[in-house]
Amino acid sequence: WAFLAGGLSGMTATMITYPLDFARGRIAGKLANEQGQKQYGGILKTIALTIKDEGPLALYKGVTPTLLGAMPYEGIKFGTVGVLEA
């Protein structure tokens, strides 16, 4: 049960924090537009601009591979702790 609970908790944490990671990646990847001006000024501005231009679901672009990696990683971590504590 510890493996399943750990995996689900890891997936939940990923879903909650993914928009922040998405914004961080977008800031790092697009420092300036075609005119040389800064396009994104910070995390909150990046999130607001992304929602305005592409809609709220755009904050979760690319979340699937991250979720698929979080399940076994967190599951093994919590499962191991559960076995060692027993």
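This briefing covers the aromatic pair, nonpolar core, salt bridges and surface patch of a predicted model. Local features need pLDDT of at least 70 and side-chain atom pairs count only at pLDDT 80 or more, while totals for chains, interfaces and linings use all residues. Residues are numbered from 1 along each chain as its sequence is written, and side-chain values use heavy atoms, with hydrogens and water left out. Helices are DSSP runs (H or I, at least four residues), numbered from the N terminus. Accessibility classes are buried (under 20% relative accessible area), exposed (over 50%) and partly exposed (in between), with a 1.4 Å probe and protein chains only.

**Aromatic pair**

- The count comes to one aromatic pair, where rings of Phe, Tyr and Trp (its six-membered ring) pair if their centres lie within 6.5 Å.
- Y18 and Y60 have ring centres 6.4 Å apart and planes at 20°, so the pair is stacked; planes under 30 degrees apart count as stacked, over 60 as edge-to-face and the rest as tilted.
- Because Y18 lies in helix α1 (residues 2-29) and Y60 in the loop between α2 (43-54) and α3 (63-85), the pair ties together parts that are 42 residues apart in sequence.
- Y18 is buried at a relative accessible area of 9%, whereas Y60 is partly exposed at 29%.

**Nonpolar core**

- The largest nonpolar core has seven residues: Y18, F22, A23, I47, L59, V63 and L67. Such a core is a set of buried Ala, Val, Leu, Ile, Met, Phe, Trp, Tyr and Cys residues joined through side-chain atoms within 4.5 Å.
- Two or more residues of this core come from each of α1 and α3, and the largest share, three residues, comes from α1.
- Not counting residues up to four places away in sequence, F22 touches T50, A58, L59 and K61 (contact means heavy atoms within 4.5 Å).
- In soluble globular proteins, nonpolar side chains tend to be buried together.

**Salt bridges**

- The model has four salt bridges, each a side-chain nitrogen of Lys or Arg within 4 Å of a carboxyl oxygen of Asp or Glu.
- R24 and D21 form one of them, at 2.2 Å from N to O. These residues are three apart in helix α1, which puts about one helical turn between R24 and D21.
- R24 is exposed at 52% relative accessibility, and D21 is partly exposed at 34%.
- E54 and R26 are joined by a salt bridge of 2.7 Å, N to O. E54 lies in helix α2 and R26 in helix α1, so this pair ties together parts that are 28 residues apart in sequence.
- E54 is partly exposed, with 37% relative accessibility, while R26 is buried, with a relative accessible area of 12%.
- A network of salt bridges links R26, E54 and K61.
- E74 and K77 have their closest N and O atoms 3.2 Å apart in a salt bridge; both lie in helix α3, three residues apart, about one turn of the helix.
- E74 is buried at 16%, and K77 is partly exposed at 40%.

**Surface patch**

- W1, L4 and L8 make a nonpolar surface patch of about 410 Å², the area coming from the Shrake-Rupley method with a 1.4 Å probe.
- Patches are made of residues with over 30% relative accessible area and no salt bridge; like charges are joined within 9 Å and nonpolar side chains (Val, Leu, Ile, Met, Phe, Trp, Tyr) within 5 Å.
- L8 is found in helix α1 and is partly exposed, with a relative accessible area of 45%.
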